[in-house]
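Here's a quick tour of some strand pairings and what surrounds them. Have the sequence and the 3D view open while you read.

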Amino acid sequence: MSTITVTSPLLPDLDEFHAMLQEIWESRRITNNGTFHRRLEEALAAYLKVPYVSLFTNGTLPLITALQALHISGEVITTPYSFVATTHALWWNDIRPVFVDIEPHTGCIDPERIEAAITPKTTAIMPVHVYGKPCNMDAIQAIADKYGLRVIYDAAHAFGVEVNGESVLNAGDMSTLSFHATKVYNTIEGGAMVMHDAAMKQRIDYLKNFGFKNEVEVVAPGINSKMDEMRAAYGLLNLRQVDDSIAARRRVAMRYREALRNVEGITFWDDMPGVRHNYSYFPIFVDEKRYGCTRDALYFRLKEHDILGRRYFYPLISNFSTYRGLPSAAPENLPVATKMANEVICLPMHHALTDDDIERTLNLIIR
Ligand code: T4K
């Protein structure tokens, strides 16, 4: 029986990719803001309905660079329920993370708990649209405006997500994306930053190229995080098929929901009204008492049958050794996140799942 992985990369047509590689080979321009890099930035800005996009080599460096560009220091309020890169970006900037609990109906930071965590050292909020579920952006912005805080969204999971026709990437001061192989849209490794004005786009473009403004001027101690031409070309091809991929993921989500709706002890989220979801993940939550076995028992049962779900995001970031000692990391401060991390399994979710794959997975959950 074949292995079913939690995700599988969207791959461009090899012949088309080869034709693009041929073009790159002939031009001999293989990186440093080449033609494909520029074309992909424009194509993404149009697709995502955002004013400016700056490409990066992954989804972690735009987070680190955004904090640098906005001169964020002191303390930043963030969520413990995310991939560890979110908090690591703060650590790399010598910023103290302050963890705030999440909403049970989205998994995103709970705006009602943010104000209590603000201190004179707080300079920003870094929320995550976890699994592509939109944060409560209006409430977060209202708090940020009241206290003069910046908002940087980790939108690694939120490619193409819209609320009432507006991209979630337009919220806050900046948003960052990951184009890792495991994401809805991938450039193998890759990422991007979305910003609102040309001056910031210019600054970010300098920062991701060591800070160089021209051959002789460096505006700031930047980093090297430029996407190369091969990945940009690959990204252009994948952009053509991402809508079909999202539609295929949606069909998987619909089947999972239909089959699991009345399974005692298993819960999941439905679509939110007015939201264009990207179905990047399909988390289910296992209530041990009602389901009759633990989350881990179900996780390992799936694994024994070559179905590789993932316990994203267990352990919580606040439980990793680097962050465990922070006062805000105490489990009593994070009851909703702690419960979610202990109950979650992300089921296989990607465009290439067959009906057999889906039924094989469901049959092991519905006993
Ligand atoms: N912020 C958030 C909220 C994030 O979730 C992430 C990354 C970031 C920031 C940082 O973005 P990047 O710097 O990574 O661009 C994955 C990814 O490495 C990571 O990008 C992602 N989030 C995180 C949630 O998950 P793993 O360790 O779970 O991946 P792995 O290698 O176990 O792969 C999962 C499954 O996917 C495998 O069982 C097989 C399948 N797979 C994977 C790869 C890489 C394939 O079929 N083909 C492949 O090439 O981390």
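## E6 next to E9

In this predicted model, strand E6 (residues 150-154) lines up with E9 in the parallel sense, with 3 bridges between them.

## E9 and E10

E9 also pairs with strand E10 (residues 191-195), and here the two run antiparallel, joined by 5 bridges. Across that pairing, Leu177 sits opposite Ala192 in E10.

## How covered is E9?

How many of the residues of E9 are buried? For strand E9 (residues 174-178), 5 of its 5 residues are buried. In a regular strand, side chains alternate between the two faces of the sheet. E9 is covered on both faces: Met174, Thr176 and Ser178 are buried on one side, and Ser175 and Leu177 are buried on the other.

## A separate look at E8, E7 and E12

Now for an open sheet of 3 strands, ordered E8-E7-E12, with antiparallel pairing.

Strand E7 (residues 162-163) pairs with E8 over 2 bridges, in the antiparallel sense. To find that pairing on screen, look for Val163, which stands opposite Glu166 in E8.

Technical notes. Residues numbered from 1 in each chain as written. Predicted model: local features only at pLDDT ≥ 70, side-chain atom pairs only at ≥ 80, totals over all residues. Heavy atoms only, no water. Pairing = 2+ DSSP bridges. Helix = DSSP H or I, 4+ residues; strand = E, 2+ residues; numbered from the N terminus. Buried < 20%, exposed > 50% of the residue type's maximum accessible area, 1.4 Å probe, protein only.
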